[in-house]
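Visitor: I'm new here and would like to learn how to read a few features. Could you walk me through them?

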Amino acid sequence: MSARHAAVRLAELWPRLPVLIGPDWLELRPRFVDGIGALATADGDRAEHAERLLALAEELPALQALLEPADGECVPESTREPAWQDVAVALLAADPAGQFDRTLHAVTEALGPYADGRRITDTLLAAGIATALGLDANAFSEPEEWTESGHLGKRSSILGGSAPRLVPWADPLPWFRERPDEAQWVSDTWQIAVGDRSGIRLLLTDGTGVNTETAAVLSLGTGVASVLHRTEATDAREVPRWSWPLRLAILPGAGPAARLRSVLLAAAETNAGLITPVAASGRWSRTSLLLVPHTGGGDVVHSPGQPQATAVVVVSESPELVPPPEELRSLATRHRAAIAAMAHTGPSPQRWLNILLDRLSQDLPLDMALYGAAQECGALPPVIGADPRFLDATRIRPVLAAVPPDALRPSEEARVGRALRGGPGPDGTGLTPEAAGDLRAIADRARRVPARYVRADVVGPDGAIPAPYIAPHLAFHVRVFLAANARVDSEEPPFPADALPPGRTHRLTVLATDLTPVPGPDRTAAQEIELSGDGDSTSAVLRFSAGAPGTDVLIRIAVLYGSRVLQTGVLSGRVGAQEPPKFRVESVIRARTDELDLAQPHDATLLVGHTANGLPLVTTRTEEFLHRSTSHDLRRTLQVLLAGLKALVNGADRFGGYGNPEFATLLTELARRGRRLRKTLFPDGWETDGLVQQLRRAHSISVYSAGPEAILPIELLYDRELDTGPGRSLRLCPHAPSRVDDDGCEGCPERDEQSTVCPFGFWGTSKVIERHVRRESDDARFALGVSPDIDWHACSLTPVCAAASARADDNDDRAWTTAAAALTDGDPEAVRLAADWADLNTLVRKMRDLNTPPGVVLLFPHSSENADGVVFLTLGESDEVDVIDGMEFLFARDGGTEPVILLLGCATADGPTPFSNASTALLDDGAPGVVATAVPVLGQHIVPVGVRLLTELRAAASGTSGSPLGEALLRARRKLLTSGDACVLALVGFGDTDWVVRARNASRTAEEGTP
């Protein structure tokens, strides 16, 4: 290697030399500074100065080895020799003679020429701490004067890790000028003060004399556990919260960076119990730890703004990559991170990541885990920039502190507590597999338990002072807000609330509906509130009118985000009673509120229930309108509609495709009945009323039913105008099959033709419909189902488990036998068939044991009801289970992916009691989504439709990023209906429509499911 190349490499390594050489470096450093200065400022030939500089390097074998090519490495002859001017610029860019050099000069002057590197380092360390805290050297002999000054201080660990105090450091040059005598002995006082303590974490404040070389020197000081450059998050509310199991993403790279990424991915695979893989792009790409593979040389990679991360770490095998603090700040800003770091992996990147995850599993903060991994791997210390408010939040403990106590089942509390508080791994560190599984189970249950619940009471007009009662015939005011749930005492001291990041603020809508049958104004009200990351929300104060003395007060309250229902409750009391009304939480639909902005907003909300005297009641909310509808006709309209659907879809042996006249007659009759449902719900003019116009344009609707008897199949609502006058005939639109992917039928020549029936005029084929149904047996403290979040939001539609009742073959087509052969023909491993419930139970357990749990369970059961009103589902000849808890075995409830359930054939989407509604029972058991049938459909019809439905769902989900479940189901309905499958109008979906479905198991692929 030429002298010029060696000099440039010396400049690249300069910030690393303190740790590469050790404390002795500080004794030789002034000679190098003089040599660099001479080379940079020489007027003539600089070769002689370069040779002298490299001769000086020969006194340090470790440095000389770094400046020479490694074994087997050769410098190509074609490599351009840098100009001497470029060499000088590179050396000066390292700033060897800058402010830090002047501070070091002050230290060596104070200590004298015989001070060794260790004494210089500790003097620099202690004086900088004294400067930042405003202390003198004597203060270190009194630990309470400086050990209490850390930002968070030392926190006890639940997993054997130890997080020393965070102590500030500032450039001590002014301190030396004011206290020259104390500089002689401040290092002695410091070494005695630290003693056998666990050390300190040093936080370098902004200012002159603070750079990467400063951090490298101070990392060698006595008692220093980690060194960090102080930064501040651009917006602390935008920083994603740390999670455990750890959300981990790894950015893609090209060339050598791609190889490094593959090694890191392999290490992540071996630690599957400790991490939740996150895609590096897409809506859900919000992660805790983002790793950026880098091969060294040049600037840190300028990655896109996604994913957002709590911490971003550039991972490199090259010691030359040393980003300055300002570059780390820029990296953090791009990813909205609170911590940005550069980590050197040493010889084995895979071992480095294994150790890093193990250290994090010991409840260590990220900076300590990075330093520990570097030390154990023989790597260089990391360079870290951090917002100190977030450092101790990168531990397991605050993650657990955020878990509501109700998420831990009492029967498991002792085992979980033992595993987490005192259960080291086989080597005495980290989490045992049992403890990692417990954490996943805790996280899974925590998804169903909100940290804040809706609250409501009656207040005075000022909205603040509770009212003692409701006065007759006057206005009264209802205050609504979300309040933090009171925590119970635990063995662990509470993690300080102010040490946790504040989290995002979300704007919610409070929607209240008077359920009493008394007519009059002020029956509904809506108002917006703000929900911050922690604590209570702001309050909505809604006005209602009281009736006569003794009349009931019954108000249903719903809290919405983007027209999606989060929670509901009921305020009940009596006018004139000498006690305030009582409020109870009715349902929790979406428990987690910290990442609500990731949920896709819907265009409208329908709340379905009954008034106090049993009259059907539907409250509709769009962006601009609020509508309350009660109708005696609704119940009868639904009965006629569903009876007609059942008769029509079961009335023919075959439909013969979309162009068949029999199919056209069937769809025309269903459109007429669906139009009647629309007129019953929304009697105003469909072409002129603002509310109904917004509903017609809506692409997505959220439906909440207050009871299983209040399921409203709006999929059958037909929203196009039809000319049904005497003598007028209707025909089916001939253009629909070619416009399956054309939302809104833009450009269709018969779009507004009232004599044409459009198959996309049904809401089930034009809108994403999300449905949640409350069962009377539901515990209001837990969500009705599991909603997608940043930890778990994707489901694979492979492999498939399928089974059917023997009745599915009681037809000339032998429907189930034919379908089963078609299912297994392409890929037998992707579809597993079961004979009955017992066989299905065994099959599911075996698949879980092989780490290939089912992604879809496709069932065609027969249903029957006993004398007690309990519904049983039969598979095979006579193997039956009840819908109360007979299907729980389908779900692991361990925080992993759960199967989507297609439960088709009998009326599985309906049931007047909790003991007869299979769909809501499956959601409660853990299904991400359920597709069921609103009416019984003959096996010869529903079995082939069910198989085609699965095929279309997988086709819609076959893209690289998959598809939201609601969008996939909508596309499948449109495709099947325009293929002549009228049975698809009997399909009703349940659960959150945001679940991402993929046609294959992508949970461990480099593109999407791995970090």
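**Reading strands and helices**

Guide: Happy to, and keep in mind that this is a predicted model. Let's start with a pair of facing residues: Pro 964 stands opposite Val 996 in E36.

Visitor: Which way do E34 and E36 run, and how many bridges join them?

Guide: In general, strands of a sheet pair through backbone hydrogen bonds, either parallel or antiparallel. Here E34 and E36 (residues 996–998) run antiparallel, and two bridges join them.

Visitor: What is the strand order in the open sheet?

Guide: The order is E25-E36-E34, three strands with mixed pairing. At the edges you'll find E25 (794–796) and E34 (963–964), each pairing on one side only.

Visitor: Now a helix. Which residues of H11 are buried?

Guide: First the idea: an α-helix has 3.6 residues a turn, so residues three or four places apart point the same way. In H11 (residues 186–194), the buried ones are Val 186, Ser 187, Thr 189, Trp 190, Ala 193 and Val 194. Looking down the axis of H11, these buried residues fall within an arc of 160°, so they line one face of the helix.

Visitor: And at what angle do the axes of H21 and H22 cross?

Guide: Two packed helices are described by the angle between their axes and the distance between the axes. For H21 (residues 633–649) and H22 (residues 661–681), the axes come within 10 Å and cross at roughly 170°. The two helices are therefore roughly antiparallel to each other, and the crossing of H21 and H22 is left-handed.

Visitor: Which residues meet there?

Guide: Among them, Leu 634, Leu 638 and Leu 641 in H21 are on one side of the contact, with Leu 666, Leu 670 and Leu 677 among those in H22.

Notes:
Residues numbered from 1 in each chain as written. Predicted model: local features only at pLDDT ≥ 70, side-chain atom pairs only at ≥ 80, totals over all residues. Heavy atoms only, no water. Buried < 20%, exposed > 50% of the residue type's maximum accessible area, 1.4 Å probe, protein only. Helix = DSSP H or I, 4+ residues; strand = E, 2+ residues; numbered from the N terminus. Arc of directions from axis to C-beta. Pairing = 2+ DSSP bridges. Axes fitted to C-alpha atoms, helices over the stretch in contact; angles between N-to-C directions. Parallel < 35°, antiparallel > 145°, perpendicular 65-115°, else oblique. Left-handed = near helix turned anticlockwise from the far one by under 90°. Contact = heavy atoms within 4.5 Å.
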